Amino acid sequence: MRHAIMAMGSGNDARVLQKVINHLDDSDIDFFIHWDLKYKIPKLVSQKSHVFFTPRIKVYWGTSTQISAEKILLESVWHYKQRYDYIHLISSNDIPLMTTQYFKEFFNKDLYLGYSPRNEENTQRLSFYYPIDHFNIRDHLNLIRFIKLANTLLHVNRLKKKNIIVEKGPNWFSIRSTFLPIILSYKKMKIFKHSFVGDETFLQTILSNYRPKQLKDDNEMAARYIDWQRGKPYTFTEKDVLELAK
């Protein structure tokens, strides 16, 4: 099995990502990295894995720039000369909880993609219009509330007559590479432009036909361990080793 690990990174510290590369350094595992253009590109090295930096854009949390960066990664993997069995999306702060050999042998399903229960709030992430592509929305939550109110009062519905079922879940995933052409040829990609935290609807909406009938924890479905109860999300430390080893 050959694996392409796509990493979305930002900031001036890539030490965690370098540790991930060191840990999974293997001739069957390559890394494709999008590093936010607002920051200096880091130096990352490997012995067996190939490490590639994709074309870069400025990324702002919660905006469609995250989807644009993710699409750049997907296209880079698709156009690369090597074909992969699985494609994974991680952040530059994610850590694998397994050995390299276990990682290479673990994946056997088509999709490790989380889906959440459907509700109107999730649908509004795409149905409303958000002119917010050039700043981090975490710092402008009052503005987001105003934009939602304005959309409601003006009866904005960008999904009208588009036959799109909005699905939501974690933006991190592991999928078979056979899904790449389905994702990259999606004809309604414009709906993700000017969305609100649309990266959590991106793959789930495109692959809505693969939503399982019975849902469980969406992070577990994506083969991720993320704790939103103790943080946003919680940052694990050495004192959590026993918990992570379970």
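This briefing describes the cores, a pocket and selected residues of one structure. The model is predicted, so local features are given only at pLDDT of at least 70 and side-chain atom pairs only at pLDDT 80 or more, while totals for chains, interfaces and linings use all residues. Residues are numbered from 1 along each chain as its sequence is written, and side-chain values use heavy atoms, with hydrogens and water left out.

**Nonpolar cores**

- The largest nonpolar core has 36 residues, and those with the most contacts inside it are Met6, Ile183, Phe192 and Phe202. A nonpolar core is a set of buried Ala, Val, Leu, Ile, Met, Phe, Trp, Tyr and Cys residues joined through side-chain atoms within 4.5 Å; buried means under 20% relative accessible area, exposed over 50% and partly exposed in between, with a 1.4 Å probe and protein chains only.
- At least two residues of this core come from each of strand 1 (3-9), helix 2 (65-79), strand 4 (86-91), strand 6 (173-176), helix 6 (180-184) and helix 7 (202-206). Helix 2 supplies the largest share, 5 residues. Helices (H or I, at least four residues) and strands (E, at least two) are DSSP runs, numbered from the N terminus.
- Ile183 is in contact (heavy atoms within 4.5 Å) with Leu74, Ile175, Met189, Phe202, Leu203, Ile206 and Leu207, residues up to four places away in sequence not being counted.
- A second, separate core has 17 residues, including Leu17, Val20, Trp35 and Tyr112.
- In soluble globular proteins, nonpolar side chains tend to be buried together.

**Second largest pocket**

- The second largest pocket has a volume of about 180 Å³. A pocket is an open set of points, on a 1 Å grid over the protein atoms alone, where a 1.4 Å probe fits, with protein on both sides within 12 Å along at least five of seven lines; the volume is the space filled by probe spheres set on the points, which are joined across faces, edges and corners.
- Its lining (residues with an atom within 4 Å of a point) consists of Lys109, Leu111, Tyr112, Leu113, Tyr115, Tyr210, Pro212, Gln214, Lys216 and Met221.
- These lining residues divide into 7 nonpolar, 1 polar and 2 charged, where Ala, Val, Leu, Ile, Met, Phe, Trp, Tyr, Cys and Pro count as nonpolar, Asp, Glu, Lys and Arg as charged, and the others, Gly among them, as polar.

**Buried residues with polar side-chain contacts**

- Asp240, in the loop between helix 8 (218-221) and helix 9 (241-244), is buried, with a relative accessible area of 5%.
- The side chains of Asp240 and Tyr234 form a polar contact of 2.9 Å; a polar contact is a pair of N or O atoms within 3.5 Å, and within protein one must be able to donate a hydrogen and the other to accept it, with residues adjacent in sequence counting only if both atoms are side-chain atoms.
- Thr100 lies in helix 3 (residues 100-106) and is buried at 15% relative accessibility. Its side chain reaches the backbone oxygen of His23 at 2.7 Å.
- Beyond four places in sequence, Thr100 touches His23, Leu24, Asp26 and Ile29.

- Gly62 lies in the loop between strand 3 (51-53) and helix 2 and is buried at 0% relative accessibility.
- Beyond four places in sequence, Gly62 is in contact with Ile132, Ile137, Ser195, Phe196, Val197 and Gly198.
- Val197 is in the loop between helix 6 and helix 7 and is buried at 8% relative accessibility. Its phi is near 50°, a positive value in a residue other than glycine.
- His194 lies in the loop between helix 6 and helix 7, and its phi, near 60°, is positive in a residue other than glycine.
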